[in-house]
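Thanks for coming, everyone. Please take a moment with the sequence and the structure before I start.

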Amino acid sequence: MNVGLPIWMLLVALLSGLAAAALLYVANKKQHYGKPLTIILFALRTLLVGLVVLLLFNPYMRQQFSSVEQPVVVVAHDNSASIVLGKDSAFYQNDYLRQFSDFETSIKEDFQVDEYLFGQEVRDFTILDFTDQLTDVSSLLKSVERRYYKRNVGAVVLLSDGIYNRGFEPELLAEKFPFPIHTVVLGDTVSRPDLAVRNVHYNRQVALGSTFPVRVTVSARDLANRKATLTLSSRGNVIEKQEIEIPSNRFSKEIDFMLEADAKGVKQIDIELSGIAEEEQLLNNVKHIFVEVLDQKYKILCLAQSPHPDLAAISSVLNDNYEVDFAFAKDGVPDFDSYDLLVLHQMPSAPADFEPVKKQLEQNAKLPVLFVVGQATDLELLDKLQDAYGIRNGATNTVLDVKTHLNTSFSTFTIDSKCDEMLANYPPLAMPHVELSPSKSHDDLLLQDVLGVKSGLPLLSYVRGDRKMAFLFGTNVWRWRLYEYYQSKNHAVFDEVFSKSLKYLLLTSDDGSAIYCKEEFYSNEPVIITAELRNLANELVTEPELKAQLVNKLTDETYDFVFSKRDHDYELNAGILPEGLYIYKVETMMGDRLISASGSFSVVALGIEAQQLTADASRLRSLAQLTNGKCYSVDELQQLAADLRADKRITSVEHHESRFQDLIHSRWIWFVLVGLAAVEWVLRKMFGSY
């Protein structure tokens with residue numbers, strides 16, 4: 001403990017104590033004590049008064065604290081189905097579980113052990129049953145790094161087959177991972193001849209009479225100089241066949257098919273790869289896809305100041321059920337009559353295109369519009385073109401780099417809250433310095449983040465009224481799409497934001513309902529639909545009973561459900577449904593208003609985990625090497641336990657900390673003051689002064 005006091009403060013306190021003692025024991029002639037007692041009483045009074053005066057200056061003291069943090073060993077186990085789909089599945093479902101249990105018991109005797117399961121998500125360790133249908137190793141590493149930031153983690157033990165099918169390459173994170181990773185190779189490490197349908201890219205909805213593409217990625221391992229057959233069929237009828245020559249033992253190829261949407265309804269397409277007798281695993285040879293053929297097509301016009309990659313990025317979220325036309329200011333303004341949605345990208349940009357656009361909008365008063373505001377936008381003309389926002393040039397003629405974050409109170413439609421992390425990491429948009437003053441009720445999905453300061457200003461906003469409008473204040477959203485693909489090898493968040501934005505604008509009615517349902521579910525996961533209802537005052541309500549009907553378009557089987565009511569919304573858990581394409585219709589009565597909404601989703605068979613069954617031992621060795629760890633086989637669990645106990649890096653850490661505290665708040669100073677006063681009083685009492 002160290003008390004920080006300037007010298008002048010000590011002198012003032014000491015002189016105050018001496019003065020008080022002198023007045024009582026030197027200047028007061030009525031006090032008659034012997035010399036030794038007078039000296040003792042003088043000292044006691046000096047200390048008592050001096051300490052009281054000192055406390056009036058509110059001095060502080062510094063205390064040193066020490067603590068010992070025990071080391072933690074993090075054990076993360078892969079719970080994905082690919083581990084038990086190989087030849088040694090019986091071993092992993094029986095003997096291995098006992099071996100792993102013995103390993104856990106062994107290391108828990110020496111370390112604090114925190115255990116997790118990972119696959120589709122990272123969660124606390126419960127039951128190891130190898131049922132997860134996706135594997136995301138990168139999410140595990142990010143989760144451990146976040147949870148144990150500045151913690152004394154001695155080692156991370158990663159037990160996995162090294163196969164991932166979600167997220168990105170874990171080696172990218174391992175290079176800067178703060179803890180050593182010891183990996184244990186699980187699964188079948190023997191490479192066997194195998195054919196596989198890796199990926200199928202297609203549109204879930206297409207227009208009647210159109211030709212739509214289906215891209216199939218096939219792969220082959222250890223089958224050099226062999227041939228295979230790829231067959232596309234529907235309801236037992238072969239649509240197209242293609243022979244594939246396999247020139248090498250490591251083979252992958254994308255094959256494109258153009259199919260006809262010749263009949264309205266759901267078209268089931270079976271994709272099968274066959275022709276090799278030596279294959280032992282056939283689960284990854286077949287895929288089923290479902291395409292809905294609609295006798296309806298939306299037309300969208302993208303009118304831009306000039307060609308821009310934003311236009312391709314935004315239109316990429318649409319399927320074949322949408323027809324997109326592009327036009328540019330230099331070529332004139334086309335008629336808006338035949339379009340269902342207008343996208344104005346940095347328009348109007350000059351007086352020459354303002355009047356034609358204004359005239360067309362006046363003639364099409366109900367046409368919904370998405371305004372993309374950028375550096376080339378003439379803000380004064382834009383202010384005159386719409387009545388939702390008052391738009392003025394900012395104080396400076398600059399372009400701001402604006403990042404974004406999700407508005408948690410957004411209610412026009414539902415966005416998965418898990419999108420917020422990706423949105424917050426998106427690159428900044430280029431936004432002109434603009435002053436906004438809303439003239440109508442608006443709902444903001446994305447808000448601005450300027451230099452790390454999260455504001456309440458809109459970045460992506462929706463306005464209700466006679467004409468539905470949305471405003472995106474910034475350009476270069478194409479960078480969002482590229483960034484997300486680099487990070488996660490998909491465009492899920494980007495597609496969700498912009499596809500739902502465009503679909504909302506295209507809806508002809510706005511009855512106060514919002515339905516959220518994924519487009520695709522796996523056949524082993526429950527189908528969950530959430531819904532929101534709003535009254536005429538735009539308040540969330542849960543009083544009406546909300547019903548749903550699901551129809552399997554393949555079998556015409558019908559399922560009727562009633563939503564469960566929650567605090568502010570509804571949820572329907574339809575359980576696990578058979579494979580197929582489903583149409584859902586949600587209905588309720590709110591007073592005399594009929595509220596209804598509809599949509600579709602597909603339930604697809606499992607198969608992602610069966611795409612690759614040979615354990616990727618090289619990836620696990622690389623993870624261990626990059627983090628100064630070791631790689632072990634499944635038979636070396638007890639050796640791993642022994643190495644952990646012998647690892648000198650796994651040790652306790654002593655932390656030292658200094659804290660400052662006001663001296664007046666210390667208990668001991670109170671006891672000192674009371675003690676000094678009590679001793680002085682007792683002495684004076686004993687010798688007859690009191």
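Predicted model: local features only at pLDDT ≥ 70, side-chain atom pairs only at ≥ 80, totals over all residues.

Residues are numbered from 1 along each chain as its sequence is written, and side-chain values use heavy atoms, with hydrogens and water left out.

A nonpolar core here is a set of buried Ala, Val, Leu, Ile, Met, Phe, Trp, Tyr and Cys residues joined through side-chain atoms within 4.5 Å, where buried means under 20% relative accessible area with a 1.4 Å probe, protein chains only. The largest such core has 69 residues, and those touching the most other members are Leu342, Leu344, Leu445, Trp480 and Phe498. Its largest share, 8 residues, comes from helix 12, residues 492-506, helices being DSSP runs of H or I, at least four residues, numbered from the N terminus. A second, separate core holds 28 residues, including Ala220 and Ile246.

Helix 11, residues 478-488, and helix 12 have axes (lines fitted to C-alpha atoms over the stretch in contact) that come within 8 Å and cross at roughly 145°, the angle running from 0 to 180 degrees between N-to-C directions. On the helix 11 side the contact, meaning heavy atoms within 4.5 Å, is made by Trp480, Arg481 and Glu484.

Finally, Ser501 also lies in helix 12, and Ser501 counts as buried because its relative accessibility is 6%. Beyond residues up to four places away in sequence, Ser501 touches Phe413, Leu460 and Tyr462.

Definitions and conventions. Buried < 20%, exposed > 50% of the residue type's maximum accessible area, 1.4 Å probe, protein only. Helix = DSSP H or I, 4+ residues; strand = E, 2+ residues; numbered from the N terminus.
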